[in-house]
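Colleague: I would like to learn how to read a few features of a model. Could we take them one at a time?

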Amino acid sequence: MPRPALHLAVEIDGDGAHPAAWRRAAHSPGELLTPRRLARVAAVAENSGFTLVTLDDSILPPGPASGPVGRIGAVERAAFVAASTNVLGVAPVVATTYAEPFHISSQLASLDHVSAGRAGWVVGVEEDPAAARAWGRPVVEGADALAREARDGLRVVRDLWDSWEDDAVIRSVATSRYLDRSRLHAIDFTGETYSVKGPSIVPRPPQGRPVVLARPGLVPAGLADVALVGGATPAEASTPWLKRGAETGPP
């Protein structure tokens, strides 16, 4: 059997994983948040053969006090990267913990339209109680509660993407009809902490459903397209996942 194709992805948030990486960067610190630098890094990734770039995000400032204390929103940066590249996949981190899934769905569907079908989504969580204070929401505590919000949020987002049929948009000048309302569907979701009626306000994304990346165990098997695992070596990264996969199946 032929080997599966190797797809490379790279995180392009900030200047590197080390908190002090910005101090050793080739550019001046003032360029860290500029669109010129972001476009340059994305172009290097695309021209080097990478399939995907991800962009980290949180409502809280990134890194320790000695590092950069601000960032531009991941979805906004992803839209800029999409407009300045041609084939590169773009996947921002968007947390489900306190954000409304209706808004997440609209943001990512819009990104998929802007990128002509190159959008992805890294499902994130907000574990710091300070995030709840920033949102003005009750604190979501514990792994089970965080997983519940991720699971429900992802299901709502996927259902909202599906709430427009592929041919719902007509754009008929002759009949003065822009869309066929019979091809829009309410999702009528009711979960433990919220309910969503739907349908989406954004037409179905070009991909139908943008690619979803998530940690194993955060969302049920079958809801994510790509499992995010970690480790210092390929064996270290794959062994825990293989053990989990034997019990739960692939995501």
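Colleague: Where is the place of Arg171?

Modeller: Arg171 lies in strand 5, residues 169–172. Helices (H or I, at least four residues) and strands (E, at least two) are DSSP runs, numbered from the N terminus. The model is predicted, so local features need pLDDT of at least 70 and side-chain atom pairs count only at pLDDT 80 or more, while totals for chains, interfaces and linings use all residues. Residues are numbered from 1 along each chain as its sequence is written, and side-chain values use heavy atoms, with hydrogens and water left out.

Colleague: What is the phi of Arg171?

Modeller: Most residues other than glycine have a negative phi, and most peptide bonds are trans. Arg171 is not a glycine, yet its phi is positive, about 55 degrees.

Colleague: Is Arg171 buried or exposed?

Modeller: Arg171 counts as exposed because its relative accessibility is 58%. The cut-offs on relative accessible area are under 20% for buried, over 50% for exposed and partly exposed in between (1.4 Å probe, protein chains only).

Colleague: Which residue in the loop between helix 3 and strand 4 can we look at next?

Modeller: Ala116 is in that loop, with strand 4 covering 120–124. Ala116 is a residue other than glycine with a positive phi, near 55 degrees. Its relative accessible area is 65%, so Ala116 is exposed.

Colleague: Which peptide bond is cis?

Modeller: The bond from Gly198 to Pro199 is cis, and its omega is near 0 degrees. Pro199 is in the loop between strand 8 and strand 9.

Colleague: Where is Val202 found?

Modeller: Val202 is also in the loop that runs from strand 8 (195–196) to strand 9 (211–214). Val202 counts as buried, because its relative accessibility is 14%.

Colleague: What does Val202 touch?

Modeller: Setting aside residues up to four places away in sequence, Val202 touches Ser106, Ala109, Ser110, His113 and Trp164. Contact here means heavy atoms within 4.5 Å. A separate distance concerns Val202 and Leu108: they are 94 residues apart in sequence, and their C-alpha atoms are 9.7 Å apart in space.

Colleague: What describes two packed helices?

Modeller: They are described by the angle between their axes and the distance between the axes. Take helix 2 (residues 74–83) and helix 3 (residues 101–114), which pack at about 10 degrees with axes 9 Å apart. The axes are lines fitted to C-alpha atoms over the stretch in contact, and angles run from 0 to 180 degrees between N-to-C directions. Helix 2 is therefore roughly parallel to helix 3. Angles under 35 degrees count as roughly parallel, over 145 as roughly antiparallel, 65 to 115 as roughly perpendicular and the rest as oblique.

Colleague: Which residues in helix 2 meet helix 3?

Modeller: From helix 2 they are Val75, Ala78, Ala79 and Ala82, and they meet Gln107, Leu111 and Val114 in helix 3. By class, this contact of helix 2 with helix 3 has six nonpolar residues, one polar and no charged. Ala, Val, Leu, Ile, Met, Phe, Trp, Tyr, Cys and Pro count as nonpolar, Asp, Glu, Lys and Arg as charged, and the others, Gly among them, as polar.

Colleague: Is Ala82 buried or exposed?

Modeller: Ala82, in helix 2, counts as buried because its relative accessibility is 2%. Beyond neighbours within four places in sequence, Ala82 is in contact with Val90, Leu111, Val114, Ser115 and Arg118. Between Ala82 and Ile104 the C-alpha distance is 18 Å, and they are 22 residues apart in sequence.

Colleague: At roughly how many degrees do helix 3 and helix 5 cross?

Modeller: Helix 3 and helix 5 (residues 143–161) cross at roughly 50 degrees, and their axes come within 9 Å. These two helices are therefore oblique to each other. In the contact, helix 3 supplies Pro101, Phe102, Ile104, Ser105, Leu108 and Ala109, while helix 5 supplies Gly153, Val156, Val157, Leu160 and Trp161. The contact of helix 3 with helix 5 divides into nine nonpolar, two polar and no charged residues.

Colleague: What about helix 1 and helix 2?

Modeller: The axes of helix 1 (residues 35–47) and helix 2 come within 10 Å and cross at roughly 60 degrees. Helix 1 is therefore oblique to helix 2. Pro35, Leu38, Ala39 and Ala42 of helix 1 make the contact with Arg77, Phe80 and Val81 of helix 2.

Colleague: How many helices and strands are in the chain?

Modeller: The chain has six helices and 10 strands. Of its 251 residues, 39% are buried.
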